[in-house]
Amino acid sequence: QVQLAESGGGLVQAGGSLRLSCAASGRTFSSYAMGWFRQTPGKEREFVAAVSWTGGRTYYADSVKGRFTISRDNTRNTMYLQMNSLKPEDTAVYYCAAGRFFEVPTAYEYWGQGTQVTVSS
């Protein structure tokens, strides 16, 4: 069992940066691949990035590649998403998830409650 809690969301101007954190409870955090997804009202949850259980492999959606960086610290049971050069279209609720190293939501077993990111133009 893994419980996840996101933090770090907020309001930022276009071109700015934010770092999201996802704190996990449970001893098995390092056994799971981790991912970030985002969702806006009326749309399906969208894959953003994933990191393997060791942190050695990462995968990004084309829309964030080169701007966002996913990482994890298994000693702190925490995953991060560094978001640079933010755009208004990055505005969404961001969710962290634990599961398998895939880009589809159904691959993930555990989800956080989400954190709002708003990018103003």
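Which two strands form a hairpin with four residues between them? Keep that in mind as you meet this predicted model, in which local features need pLDDT of at least 70, side-chain atom pairs count only at pLDDT 80 or more, and totals for chains, interfaces and linings use all residues. Residues are numbered from 1 along each chain as its sequence is written, and side-chain values use heavy atoms, with hydrogens and water left out.

**View 1. The hairpin is made by β7 and β8.** Strands here are DSSP runs of E with at least two residues, numbered from the N terminus, while helices are runs of H or I with at least four. In the turn sits Asn77, with a positive phi of about 50 degrees. Strand β7 (residues 68–73) pairs antiparallel with β8 over six bridges; pairing requires at least two DSSP bridges between two strands. Look for Phe68, whose bridge partner in β8 is Met83.

**View 2. Strand β8 also meets β3.** Strand β3 (residues 18–25) runs antiparallel to β8, and six bridges join them. Here Arg19 stands opposite Gln82 of β8.

**View 3. Strand β8 is mostly covered.** Of the six residues in β8 (residues 78–83), five are buried, meaning under 20% relative accessible area with a 1.4 Å probe and protein chains only; exposed is over 50%, and partly exposed lies in between. Across the protein chain, buried residues make up 44% of the 121 residues.

**View 4. The strands belong to a chain without helices.** The protein chain has eleven strands and zero helices. Its C-alpha atoms fill a box of roughly 40 × 30 × 25 Å along the principal axes.
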